[in-house]
Amino acid sequence: MKVVKTLGQFIIEKQADFPFAKGELSRLLRDIGIAAKIVNREISKAGLIDIIGETDSVNSHGERQKKMDVYANEQFISALRSGGECCVVASEENDEHILIESEISKHAKYIVAIDPLDGSSNIDVNVSVGTIFSIYRRKSAEGKATLEDVLQKGTEQVAAGYVIYGSSTMLVYTTGKGVNGFTLDPSIGEFCLSLPDIKMPKEGYIYSINEGYYTHFPLGVKKYIKYCQVEDSATSRPYTSRYTGSMIADIHRNLIKGGVFLYPTTAQYPNGKLRLVYECNPMAFIIEQAGGAASTGYDRILDLDVNELHQRSAIFIGSENMVKRAEEFMLAFSPQQPSITQHKQVI
């Protein structure tokens with residue numbers, strides 16, 4: 001009989017990897033898991049209750065918020081506020097970072113950056129969506145945490161993960177010692193270890209990009225797409241094109257099967273569109289820990305300086321060999337970086 005190991009049990013077992021944390025990180029991950037269950041419960045009722053469609057409000061990026069965006073944001077902030085281990089929450093849905101100054105959080109050491117509901121435009125049509133989170137230790141020694149505590153490089157993450165709400169609900173996370181996946185068992189209400197020590201294939205045969213913007217892509221990206229489509233038995237081309245419009249769904253599939261996800265710069269978004277703090281850094285940390293790679297097309301994502309809370313970036317993420325090949329096309333056909341303020345030049 002297979003022994004079931006819950007997320008809580010797994011976290012406790014791995015707590016010895018972080019003796020300095022004294023259990024705070026474990027409890028923080030538990031709080032995120034609880035909020036994810038609450039959000040999953042509502043998503044599973046989409047169409048039965050009034051959670052689909054848009055609200056009258058817009059988020060920090062000028063995008064009209066979905067009802068589920070607002071609900072998910074409230075649930076994660078509430079869980080982090082009441083857990084006592086988090087001093088700051090930085091959410092994609094809020095203009096500014098949120099200080100948590102309750103009595104139980106006055107000695108909290110951790111900062112959480114979160115995209116409460118990635119791919120929310122798909123919620124109305126029953127396509128997989130998800131939550132992305134990133135955890136840092138605060139840098140300041142005393143007083144209130146500041147914005148500078150939030151603006152840390154991706155290399156400073158102590159944990160990152162995502163929850164994908166799909167045909168099954170999964171939580172995938174890393175603390176810098178490999179990647180593990182947990183599937184929610186609704187019969188017991190627990191996330192159970194289902195994908196231990198995930199290893200991403202070095203090579204893949206799936207490419208994920210919104211080809212509707214093809215004419216706006218840099219030449220290097222156009223050339224890479226054509227490379228993916230050319231028939232060549234030696235490299236198992238043409239590759240398969242798979243794009244859902246939900247970053248988590250595409251990257252999760254590629255993590256398991258091998259592949260590359262690309263969201264390059266365009267004329268409309270010369271620095272890229274995806275947010276560095278809430279999307280690119282946490283997903284890069286996870287993919288690298290699984291043996292993959294994450295790049296702007298020129299530089300490693302995790303090495304980028306973070307100057308703004310809602311900073312944007314291009315991203316090429318997935319199987320290591322596919323990312324390297326895409327970078328080669330960028331360097332050969334688009335040698336000039338699109339924005340010297342966005343990317344750190346590698347000398």
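Predicted model: local features only at pLDDT ≥ 70, side-chain atom pairs only at ≥ 80, totals over all residues.
Let me start with the annotated positions. In the unreviewed UniProt entry, the annotation "binding site" covers Asp118, Gly119, Ser120, Ser121, Asn210, Tyr243 and Lys273. Where does aspartate 118 lie? Aspartate 118 belongs to strand β5, which runs over residues 110–118. With a relative accessible area of 5%, aspartate 118 is buried, because anything under 20% is counted that way. If we set aside its neighbours within four places in sequence, aspartate 118 is in contact with Val129, Gly130, Ile132, Ser246, Met247, Ile248 and Glu279.

Is serine 121 buried or exposed? Serine 121 counts as exposed, because its relative accessibility is 52% and the cut-off is over 50%.

From there I would move to threonine 244, which is found in the loop between β12 (240–241) and α6 (247–257). Threonine 244 counts as partly exposed, at 32% relative accessibility. Along the chain, threonine 244 and valine 129 are 115 residues apart, and yet their C-alpha atoms are separated by 9.9 Å. Leaving aside neighbours within four places in sequence, the contacts of threonine 244 are Asn122, Val127, Ala249, Asp250 and Arg253. A polar atom of the threonine 244 side chain also lies 3.0 Å from the backbone nitrogen of serine 246.

Now to the interior. In soluble globular proteins, nonpolar side chains tend to be buried together. Here the largest nonpolar core has 45 residues, and those with the most contacts inside it are Tyr162 and Ile315. Helix α7, residues 276–289, gives the largest share of this core, namely 9 residues. Why does the core lie between domain 1 and domain 2? It lies between them because domain 1 (7–198) and domain 2 (206–334) both give residues to it. As for isoleucine 315, its contacts beyond four places in sequence are Met247, Phe261, Leu262, Tyr263, Leu274, Cys280, Ser295 and Ile301. There is also a second, separate core of 39 residues, which includes Leu7, Ile32, Ala79 and Leu80.

My last stop is the aromatic rings, of which a search of the whole structure finds 10 pairs. Tyrosine 173 and phenylalanine 182 have ring centres 5.9 Å apart and planes at 25°, so this pair is stacked. Tyrosine 173 counts as buried at 6% relative accessibility, and phenylalanine 182 counts as buried at 0%. Tyrosine 205 and tyrosine 239, on the other hand, form an edge-to-face pair, with 6.0 Å centre to centre and 65° between the planes. This pair links distant parts of the chain, 34 residues apart: tyrosine 205 is in the loop between β10 (190–195) and β11 (206–208), and tyrosine 239 is in the loop between α5 (219–229) and β12. Tyrosine 205 counts as partly exposed at 40% relative accessibility, whereas tyrosine 239 is buried at 7%. Finally, ring pairs link Tyr205, Tyr224, Tyr227, Tyr239, Phe329 and Phe333 into a cluster.

Conventions
Residues numbered from 1 in each chain as written. Heavy atoms only, no water. UniProt positions renumbered as here; feature names shortened; annotations may be inferred. Helix = DSSP H or I, 4+ residues; strand = E, 2+ residues; numbered from the N terminus. Buried < 20%, exposed > 50% of the residue type's maximum accessible area, 1.4 Å probe, protein only. Contact = heavy atoms within 4.5 Å. Core = buried A, V, L, I, M, F, W, Y, C linked by side-chain atoms within 4.5 Å. Domains from an automatic or database assignment. Polar contact = N/O pair within 3.5 Å; in protein donor to acceptor, adjacent residues only side chain to side chain. Phe/Tyr/Trp six-rings, centres within 6.5 Å; stacked < 30°, edge-to-face > 60°.
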